[in-house]
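Reader: I'd like to learn how to read a fold like this one, feature by feature. Can we go through it together?

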Amino acid sequence: MHTGVWLVGARGSVAVTSIVGAAALRAGLTEPIGCVTEHPALRSARLPAYGDLVFGGHDIATTGLVKKAEALAAAGVVPARLVDTLHSELSAVDDDIRPLPHGATQAETAAAMASDIADFRQRHGLERVVVVNVASTEAAPAPHPAHERLDALREALAEPGAVLPPSALAAYAAFTAGCAFVDFTPSTGARLPALHELAEAQAVPYAGHDGKTGETLLKAVLAPMFAMRHLQVRSWSGINLLGGGDGATLAEPAANAAKSASKQRVLKETLGYEPDGHTRIEYVPDIGDFKTAWDLITFAGFLGTPMRMEFTWHGCDSALAAPLVLDLARLASAAHRAGRSGPLTELAFFFKDPLGDVDHSLAAQFVALAEFTGTLG
């Protein structure tokens with residue numbers, strides 16, 4: 001059951017950590033800590049094994065995979081011994097990373113992207129390929145009439161100019177190539193009516209968006225507690241400090257706004273109202289791939305008694321995200337093999353802003369995920 005994992009942003013920190021992790025798991029050099037699909041309630045022979053995952057991808061960066069892995073090791077993200085041991089495996093994956101194509105129109109660009117994926121699938125004799133977007137966060141795009149219908153989108157893409165943001169163009173290329181698509185970012189991805197129409201026409205599934213790895217993971221646990229306890233949350237504010245490439249991208253106001261909106265949405269949808277406060281993201285180059293989040297929650301109890309809660313989360317973003325990327329590739333591949341198409345709403349457990357009308361309680365999402373895994377015959 002060999003499955004391709006085509007990473008958009010294949011030389012970024014999350015992608016490279018995922019590739020190093022999969023190679024280490026295949027070689028028996030590490031344990032699957034952080035891999036949700038290894039939980040006893042989810043472990044299944046229906047999912048492709050880590051050793052069956054074959055990696056490739058697109059990127060605009062030219063730094064070799066080994067060099068990037070060495071930089072991550074120097075930053076304390078991955079163990080240096082693994083990079084040394086897996087040097088030949090990483091070099092082999094590097095041969096399957098392609099520069100992001102550019103055509104005269106977005107239709108030409110998407111066709112070239114789909115061709116790269118098809119060549120990858122054929123070259124390795126893969127049963128199927130899952131395209132996972134782990135590229136930098138984009139600003140929210142301006143509405144376009146062509147986003148609503150597939151026929152209008154195809155016509156517009158054949159004209160000069162940008163109709164789709166990069167993440168959505170990657171989804172278009174993935175669906176065109178007959179691949180499942182996962183958006184691990186807060187970017188648009190497949191979340192357009194025309195792209196949903198294409199996914200259904202091609203009978204491929206998709207999932208997203210914005211991987212839930214740190215502060216929002218805690219919100220998904222704590223917000224249901226306040227709701228079930230019938231305590232009134234009056235404000236919920238947070239500050240996120242992060243470095244690395246993601247932090248540099250989020251220093252740009254439009255990308256920052258898209259990410260912050262995704263992080264806050266879980267509160268309104270869980271509590272049933274939107275408390276005061278906001279999430280602020282700041283770039284601190286010196287902390288590299290690590291991030292610190294500090295949240296202050298004020299709430300009222302019986303008789304209006306004011307109370308507060310604070311928490312601090314300090315983690316390594318790539319090390320938190322990488323096992324989820326592997327989980328999602330395995331689950332999306334199995335769902336495609338089982339004949340699922342369209343949005344995989346049961347994968348809400350993994351996302352800050354999941355597709356569909358879903359329960360935002362992490363516990364409820366885990367139950368739905370376990371039931372979903374059991375249906376993948």
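This is a predicted model: local features need pLDDT of at least 70, side-chain atom pairs count only at pLDDT 80 or more; totals for chains, interfaces and linings use all residues.

Reader: Which residues touch the most other members of the largest nonpolar core?

Author: That core has 60 residues, and the ones touching the most other members are Leu7, Phe55, Leu90, Leu347, Phe350 and Leu369. Helix H12, residues 317-337, gives the most to this core, with ten residues. Apart from it lies another core, of 38 residues, including Val8, Val129, Ala171 and Leu192.

Reader: What is leucine 369 in contact with, leaving aside its neighbours within four places in sequence?

Author: Leucine 369 is in contact with Val36, Leu42, Leu331, Glu346, Leu347, Phe349 and Phe350.

Reader: Now the sheet. What is the strand order in the open sheet of four strands?

Author: Reading across, you get E8-E7-E9-E10, and the pairing is mixed. Strands E8 (279-283) and E10 (306-316) stand at the edges with a single partner strand each, so one side of each has no neighbour in the sheet. On average, neighbouring strands of this sheet are turned by 10 degrees against each other, direction ignored.

Reader: In which sense do E9 and E10 pair, and over how many bridges?

Author: Strand E9 (residues 290-300) and E10 are antiparallel, with eleven bridges between them. To find one of them, look at phenylalanine 290: its bridge partner in E10 is cysteine 316.

Reader: And which strands does helix H9 touch where it packs on the sheet?

Author: Helix H9 (residues 215-228) touches strand E7 (232-242), E8, E9 and E10, and its direction makes about 155 degrees with that of E10. H12 packs on the sheet too, touching E9 and E10, but its direction makes about 80 degrees with that of E10.

Reader: On to charges. How many salt bridges does the structure hold?

Author: The general idea is that side chains of opposite charge can pair when their charged atoms come close. Here the structure holds 13 salt bridges. Take arginine 11 and aspartate 94, whose closest N and O atoms are 2.9 Å apart. Arginine 11 sits in the loop between strand E1 (3-8) and helix H1 (13-26), and aspartate 94 in helix H4 (residues 87-94), so this pair ties together parts that are 83 residues apart in sequence.

Reader: Are arginine 11 and aspartate 94 buried or exposed?

Author: Arginine 11 and aspartate 94 are both buried. Compare the salt bridge of arginine 337 with glutamate 127, at 3.1 Å between the closest N and O atoms. Arginine 337 is in helix H12, while glutamate 127 is in the loop between helix H5 (106-124) and strand E4 (128-133), 210 residues apart. Arginine 337 has 45% relative accessibility, so it counts as partly exposed. Glutamate 127 is partly exposed as well, because its value is 37%.

Reader: What about lysine 352 and aspartate 210: buried or exposed?

Author: Lysine 352 is buried, and so is aspartate 210. Their side chains meet in a salt bridge at 3.4 Å, N to O.

Reader: Last one: why does alanine 180 count as buried?

Author: Because its relative accessibility is 0%. Alanine 180 is in strand E5 (residues 180-183). Not counting residues up to four places away in sequence, alanine 180 touches Val129, Val130, Val131, Ala174, Val204, Pro205, Ala332 and His336.

Conventions
Residues are numbered from 1 along each chain as its sequence is written. Side-chain values use heavy atoms; hydrogens and water are left out. Helices (H or I, at least four residues) and strands (E, at least two) are DSSP runs, numbered from the N terminus. Buried means under 20% relative accessible area, exposed over 50%, partly exposed in between (1.4 Å probe, protein chains only). Contact means heavy atoms within 4.5 Å. A nonpolar core is a set of buried Ala, Val, Leu, Ile, Met, Phe, Trp, Tyr and Cys residues joined through side-chain atoms within 4.5 Å. Two strands pair if DSSP finds at least two bridges between them. Axes are lines fitted to C-alpha atoms, for helices over the stretch in contact, and angles run from 0 to 180 degrees between N-to-C directions. A salt bridge is a side-chain nitrogen of Lys or Arg within 4 Å of a carboxyl oxygen of Asp or Glu.
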